[in-house]
Amino acid sequence: MKKFKTKLPVIILVLIMICQIGLVSYLGAQRAEIKGTHIDEMYSYVLANSYDGSKISTIDSYWEQWIDGNSLMETITVQKGEGFSYDKVYYNNSFDCHPPLFYALLHTVCSVFTDQYTIWFGIALNMFLMLIADILIYLLSKEFINNKTVAVLPVLLWGISLACINTVLFIRMYMLLAVCSIGFLYMAVRSLKKGFNLKRCFFLFTFSLLGVFTHYYFILFAFFVTLSYCLYKFFKKNFKEGLLFGSTVALSVGLLLIIYPCAIEQATGSNTNNVGNEVSRSILNFSTLPNKIIDFISWLSASLFNNKYIFAVIGVLAFSFVTAMLIKTKIKHKKLILDSEFKLVIALLVIILVTIAASLHIAGDYASERYIYNLYPILAVLLVSFIYKLIENMDNKKIALIVLSLILLLNAGIYAVHPSCRYMYSAEKTEVETIVQSNAKNCIVINAKSKEDGKAHQMIPTANVVRFNNFEKIYLTTADSVQDIDSILSGVDCSKGIAVYLATDKFWANGYEPDEIFSELFEHTDKFNGYQFIEDLEFGKLYLLTEQAGAENE
């Protein structure tokens, strides 16, 4: 019996992992069938695997000529002889807005499967990282919860929730960032409780180095944790440990700047990206912060507790239960015991909430829940640990722990019965079917120009790589070439019409007005005199040129 109790936490942890894998596989299979992707996920593959440049808009071989529709797929796949080209990954990311570690890992996975593309490459990588995160969550929980079985509950709360599944199925660096963040905080807590020795210094440095090479928001998280740790040690007059801890983290940031010097421009603003520019623009503007905090409360309720209403019900029930227990039962020592671990939990809750507010603030107009995905598992640990510390003061705490466990199990069960993910893009399958049903074999892509530099906009072809793959031939150009339409169509089969993708988005680019573009186009050709709307695509619309007057215009 004693042996079973010892193994019980491990058994529960493994069961949670199996359930996670099942949920991810189930929803991942739906995503794979739909083939829908977010533009940033396409960038993940382009930045990881493109051998000829970081942006399709700057690769001359794709422009102003007819190319195979599937040739654009070469930018998101690893071709033969291009595997494990980490210099290309480094180069590509130097023109983006993030450090290169995640893209290097994704490139490694894709290098094993040359000339192939599937969203499963990214999902599988994130799934592996998810299992590492589970173990780290459990280890961190044990630092606050002296019951190994109860220490599994934070893994249950986060692991079977919308928060976790979103982080896994969104093919970006946020699951890797979560692993680095949890590991970093775990080593900080271990160092605080056990002392900062050489072993902990090594692991702290490792997690910190991986973190700064994953996302710049890690630096913000590490800053608040490190500042709090050092101030505490200085207050205790333990200057040596405080300085060593701070120096270890600073060294990792220093190495980032030496190895990846473009980090400064990327994080603060440059002509390579909009994200850093937004940080610089919004850093002193606090007017939107209250709304972002309200958004965070809504996100947290939905992502960890299924939705705000269930969260409110559980919160009221938990509060009522704890209050009733405090009134009707005897409390040890007749007052709430705030031991060092309880105080640490409260302090970390404050630090994490400050980090969340700071992260959303500096993101400006780009503020999104995904920027705090890495902090959800830490919040799960601290919330459960906080409740556990309250229960620990009660005489009949076993009953309270059973109730807590059942509440969290119910919460996980509600999600597991009806799992969901914010990154399904269910319309994608219909969009592709519509393209196929249009019968147009070839497509002219009229790309818009960037508002910043007047060059062909980079996002439009990237966002539609998988869609354009359904045409036999495509021609990438801008509206400047419309007057040469006859020479473009020379030798091209137009018997079933020609599809035209027109960039119409005016938020990100200088999008076009369809009537203006098509009127100009018809002035320079006798092949077509009408156009028919097919469907909306990312950043633009798809039309079909027709050979008869009076065709149904949009």
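Axes here are lines fitted to C-alpha atoms, for helices over the stretch in contact, and the angles between them run from 0 to 180 degrees between N-to-C directions. With that in hand, here are some close-ups of this predicted model.

**View 1. Helices H8 and H16 pack at an angle of about 145°.**
Two packed helices are described by the angle between their axes and the distance between the axes. For H8 and H16 (residues 340–362), the axes lie 13 Å apart, and the crossing is right-handed. Look for Leu185, Val189, Leu192 and Lys193 on the H8 side, where they meet Glu341, Leu344 and Leu348 of H16.

**View 2. Helix H9 (residues 198–212) and its helical neighbours.**
H9 has 15 residues, which at 1.5 Å a residue should span 21 Å; the end C-alpha atoms are 21 Å apart, so expectation and model agree. At the N-terminal end sits a cap, asparagine 197, with a side-chain oxygen 3.3 Å from the backbone nitrogen of lysine 199. Buried positions in H9 are Arg200, Leu204, Phe205, Phe207, Ser208, Gly211 and Val212. Those buried residues pack against four helices: H5 (119–142), H8 (174–194), H10 (217–235) and H11 (239–259).

**View 3. Serine 303 in helix H14 (residues 289–305).**
Buried means under 20% relative accessible area. Serine 303 has 1% relative accessibility and therefore counts as buried. Leaving out residues up to four places away in sequence, serine 303 touches Ser161, Leu162, Ala163, Glu369, Tyr376 and Arg422.

**View 4. An open sheet of 6 strands with mixed pairing.**
Follow the strands across in the order E1-E4-E2-E5-E8-E7. The edges are E1 (66–68) and E7, each of which pairs on one side only. On average, neighbouring strands of the sheet are turned by 30° against each other, ignoring direction. Helix H19 (residues 427–437) lies across E7 and E8, and runs at about 155° to E7.

**View 5. Strand E5 (residues 498–503), largely enclosed by the rest of the structure.**
Why is E5 described this way? Because 6 of its 6 residues are buried. In a regular strand the side chains alternate between the two faces of the sheet. In E5 both faces are covered: Ile498, Val500 and Leu502 are buried on one side, and Ala499, Tyr501 and Ala503 on the other. E5 is joined to E2 (residues 442–447) by 4 bridges in a parallel arrangement, with cysteine 443 standing opposite alanine 499. E5 is also joined to E8 (residues 540–546), by 6 bridges and antiparallel; there, leucine 502 stands opposite lysine 541.

**View 6. The hairpin of strands E7 and E8.**
E7 (residues 530–537) pairs with E8 in the antiparallel sense over 7 bridges. The hairpin has 2 residues between the strands, and phenylalanine 539 takes a positive phi near 65°.

**View 7. Glutamate 535 in strand E7.**
Is glutamate 535 buried or exposed? Its relative accessible area is 9%, so glutamate 535 is buried. Setting aside neighbours within four places in sequence, the contacts of glutamate 535 are Thr430, Glu431, Thr434, Ile435, Lys541 and Leu542.

Methods. Residues are numbered from 1 along each chain as its sequence is written. This is a predicted model: local features need pLDDT of at least 70, side-chain atom pairs count only at pLDDT 80 or more; totals for chains, interfaces and linings use all residues. Side-chain values use heavy atoms; hydrogens and water are left out. Buried means under 20% relative accessible area, exposed over 50%, partly exposed in between (1.4 Å probe, protein chains only). Two strands pair if DSSP finds at least two bridges between them. Contact means heavy atoms within 4.5 Å. The expected span of a helix is 1.5 Å times one less than its number of residues. A polar contact is a pair of N or O atoms within 3.5 Å; within protein, one must be able to donate a hydrogen and the other to accept it, and residues adjacent in sequence count only if both atoms are side-chain atoms. A crossing is left-handed if the near helix is turned anticlockwise from the far one by less than a right angle, and right-handed if clockwise.
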